[in-house]
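Trainee: I am new to this structure. Please show me how to read its features.

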Amino acid sequence: MTDRGTCRVFVGLGSNLGEPRRQVERAFDDLAVLASTRLVARSSLYRTAPWGVTDQPAFVNAVAELASTLAPRELLDALLAIERSHGRVRDGTRWGPRMLDLDLLACADLQLDEPGLVLPHPQLERRAFVLVPLAEIAPDFVIAGAGMVRDLLAAVDTDEVVRLD
């Protein structure tokens with residue numbers, strides 16, 4: 001966080017139901033008008049293989065960089081509200097198909113471990129579908145406790161992450 005209370009934030013976006021490209025594009029639009037927050041950068045869209053549960057359609061993934069004065073919990077609540085507005089129902093299923101997934105990946109160098117909110121996002125350093133778009137917009141960003149994005153990206157298999165036109 002800066003001395004003015006603005007945090008450099010990264011949000012992962014993903015969808016594999018309905019019209020995934022459209023869902024992610026609409027989510028970028030929603031992030032751009034989020035209160036007390038400014039959309040600083042957005043990555044390209046990427047087609048990616050499912051992670052965790054592999055028997056489901058491919059995902060469209062991207063990453064947004066925000067500057068926000070919202071506290072991490074407030075920002076997470078705002079992201080969850082955007083998901084709901086896109087038809088996302090959180091039923092406790094992990095890594096399954098979804099209309100829209102917005103993950104709070106990192107807020108500056110903040111490390112948190114609270115019920116429902118862990119920063120940086122768990123296993124971020126192992127997920128090519130996050131690291132590829134993140135490296136596109138912030139290769140020198142340091143993930144607290146893990147390392148620089150470009151170095152983390154060099155250590156993962158990116159074969160199943162394909163940039164979309």
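Mentor: Start with a term: a residue is buried when its relative accessible area is under 20%. By that rule F10 is buried, and F141 is buried too. Keep in mind that this is a predicted model.

Trainee: How is a pair of aromatic rings described?

Mentor: By the distance of the centres and the angle of the planes. A search of the whole structure finds one aromatic pair here. The ring centres of F10 and F141 are 4.6 Å apart and the planes stand at 55 degrees, so the pair is tilted. F10 belongs to strand β1, and F141 to the loop between α3 and β8, so the pair ties together parts 131 residues apart in sequence.

Trainee: Which residues of α1 are buried?

Mentor: First the general idea. An α-helix has 3.6 residues a turn, so residues three or four places apart point the same way. In α1, the buried ones are P20, Q23, V24, A27, F28 and L31. They lie on the same side of α1, because their arc around the axis is only 140 degrees. Their cover includes β1, β2, β4, α2 and β5. R42 lies over the face of F28, 4.0 Å from the ring centre.

Trainee: How many residues are in the largest nonpolar core?

Mentor: A nonpolar core joins buried residues through side-chain atoms within 4.5 Å. The largest has 28 residues, and V9, V11, L13, L31, L102 and L104 have the most contacts inside it. α2 gives the most to this core, with five residues. Apart from it lies another core of 21 residues, including A128 and V161.

Methods: Residues numbered from 1 in each chain as written. Predicted model: local features only at pLDDT ≥ 70, side-chain atom pairs only at ≥ 80, totals over all residues. Heavy atoms only, no water. Buried < 20%, exposed > 50% of the residue type's maximum accessible area, 1.4 Å probe, protein only. Helix = DSSP H or I, 4+ residues; strand = E, 2+ residues; numbered from the N terminus. Arc of directions from axis to C-beta. Contact = heavy atoms within 4.5 Å. Phe/Tyr/Trp six-rings, centres within 6.5 Å; stacked < 30°, edge-to-face > 60°. Lys NZ or Arg CZ within 6 Å of the ring centre and 35° of its normal.
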